Amino acid sequence: MFFQRAVHAYLTMLPALNVIGMRDGSQGAFGDGYHVLPVWKDRMDSRTWVPTPNADVIYSMGYLDLGKTGPLVVNAPADVIGMFTDFSQRTLTDVGAIGPDRARGGLYLLLPPGYDGHVPDGYFTFRSRTFNVFLFFRTIMGRGDGRPGPSVGVATAERTRIYPLWEQEKNVPPMEFPNASGARLNMMYPTDFSYWTKLKEFVDYEPVSAIDPELRGVLASIGIVKGEPFAPNALQRQQLDRALDFAPKSTIALTQLGRADRRNLHYDDRQWEVAWCGATAEWMQASHLDLDARSRFFQYAYSSAPAMAIHSTGAGSKYPFTVRDAAGDLLDGSHTYRMHLPADPPADLFWAVTAYNITDGTMPETEQLLPSTNSYYDIPKNTDGSIDLWIAPRKPDGVADAAFIQTIPGRAFIIALRLYGTATAFYDQTWKPDDLVRAD
């Protein structure tokens, strides 16, 4: 029973440990404080270890502690694609076209749990269940000479301003925007016993109301209780270590086996999958929480928001992914695959294709560093306007650099297709990406 409770605790608390790992890795490199907002100014590549990063937008990721600052105001620039989540990764709000500012930018007021002071008008106001809040902004690059131009997205990101609601202007430190590109950063959730010790720190710091009573009961059954010592004996520690090994492997196995209800598949005749399996951004089906889909998501990704799951046209984004080729075999980095995209992908902003490691969603680190390509590049087109991309350990002869994504031999991988500003042809399935086909 102790082992079973430890597995349940691992899977249920992974969203929190996921963002705690990102915070600790970021603050270890760039420092902390609400005024520190790291920006990947030259795009995020495989040297940043974080679940399913997007190399095709400019990332800004900040970590706010409302327990230290009280209510915070975030002046979000126009044209941001982003969100705020608490540290259980429950979305407070989308920011941008799907958010209340509708891509015009605006002042977001974030209230800590238990705040009973005055709440002024003039803000988009949201209350967090945790003191810690994750700020995740993505900004769109410009189009350079046949390739992306990051400077446009960087300039947008650096218009962000953050300050405590009740602080005098003269006492607010200027914003810092360290360039996180090119640095080797480990922002992954822990995979050793520190998973449990960091979880205990989180439980101790956050208010009781941040975690539902039933889940607190599960945590208490393995010795994690707010304000009390965490001191597992030898047998309990053995079971906690066993859960750290068993839970992630089981989750990957369930993913690779697929679901009997086939809700994970975008199409009846393709291998492309949807991370939410037909649930909401909170993984709610009509009558229940989809635990398997949520567990897998936070093993290889982070930050789920309505803009990703609802059927919005021209504003939101969609992320079909696949772990199998057209024959139904798992993708293997030893092989060469052709990925065919029919003409006119339904993405009003841009589309992108990226490779990820199947275990944790990090990018495979090869000579390429950016295992991705996107519609900003001048990729050669076929006579009908379609595009062929090649995913392989070595670039096939005659293939353009922008049409090639490099893999690691012997390592399984995921291919994700991002469609920003998703258009109607995606939803009515008059446009569908082909499955990957082995070409060796």
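Which residues does Met13 touch, not counting residues up to four places away in sequence? They are Tyr195, Leu199, Phe202, Ile211, Leu215 and Leu219, where touching, or contact, means heavy atoms within 4.5 Å. Before we go further, please keep in mind that this is a predicted model, in which local features need pLDDT of at least 70, side-chain atom pairs count only at pLDDT 80 or more, and totals for chains, interfaces and linings use all residues. Residues are numbered from 1 along each chain as its sequence is written, and side-chain values use heavy atoms, with hydrogens and water left out.

Met13, Met61, Phe84 and Trp196 are the residues with the most contacts inside the largest nonpolar core, which has 102 residues. A nonpolar core here is a set of buried Ala, Val, Leu, Ile, Met, Phe, Trp, Tyr and Cys residues joined through side-chain atoms within 4.5 Å. Buried means under 20% relative accessible area, exposed means over 50%, and partly exposed is in between, using a 1.4 Å probe and protein chains only. Helix H1 (residues 2–30) gives the most to this core, with 14 residues; helices (H or I, at least four residues) and strands (E, at least two) are DSSP runs, numbered from the N terminus. Apart from this core lies another, of 28 residues, among them Val353, Tyr377, Ala402 and Phe404. As background, nonpolar side chains tend to be buried together in soluble globular proteins.

Now for the aromatic rings. Rings of Phe, Tyr and Trp (its six-membered ring) pair if their centres lie within 6.5 Å; planes under 30 degrees apart count as stacked, over 60 as edge-to-face and the rest as tilted. By this rule there are 27 aromatic pairs. One of them is the stacked pair of Phe193 and Phe230, at 6.3 Å centre to centre with 5° between the planes. Phe193 sits in the loop between strand S12 (185–186) and helix H4 (194–205), and Phe230 in the loop between helix H5 (213–221) and helix H6 (234–257), so this pair ties together parts that are 37 residues apart in sequence. Phe193 is buried, at a relative accessible area of 11%, and Phe230 is buried too, at 19%.

For a tilted example, turn to Phe350 and Tyr376: their ring centres are 5.3 Å apart and their planes are at 40°. This pair also links distant parts of the chain, with Phe350 in strand S16 (residues 347–357) and Tyr376 in the loop between strand S17 (372–374) and strand S18 (387–392), 26 residues apart. Phe350 is buried at 1% relative accessibility, and Tyr376 is buried at 5%. Both belong to one aromatic cluster, whose members include Trp276, Trp283, Phe297 and Tyr319.

Charges meet rings as well. A charge sits over a ring if NZ of Lys or CZ of Arg is within 6 Å of the ring centre and within 35 degrees of the ring normal. Arg237 lies over the face of Phe193, 3.7 Å from the ring centre, while the charged end of Arg242 sits over the ring of Phe3, 3.6 Å from its centre.

Grid points are joined across faces, edges and corners, and a volume is the space filled by probe spheres set on the points. The whole structure holds two cavities of 30 Å³ or more. The largest cavity contains about 260 Å³ of space, and of its 21 lining residues, Thr52, Phe297, Ala301, Tyr319 and Arg418 are the closest to its centre. The largest pocket contains about 590 Å³ and is lined by 24 residues, with Thr12, Arg90, Asp212, Leu289 and Arg294 nearest its centre. H1 gives the most to that pocket's lining, with five residues.

Finally, visit Thr85 in strand S4 (residues 80–86). Thr85 is buried, with a relative accessible area of 0%. Beyond residues up to four places away in sequence, Thr85 touches Arg90, Thr91, Leu92, Val133 and Phe134.

Technical notes: 1 Å grid on protein atoms, 1.4 Å probe; cavity = no way out; pocket = protein on both sides within 12 Å on 5 of 7 lines; lining within 4 Å.
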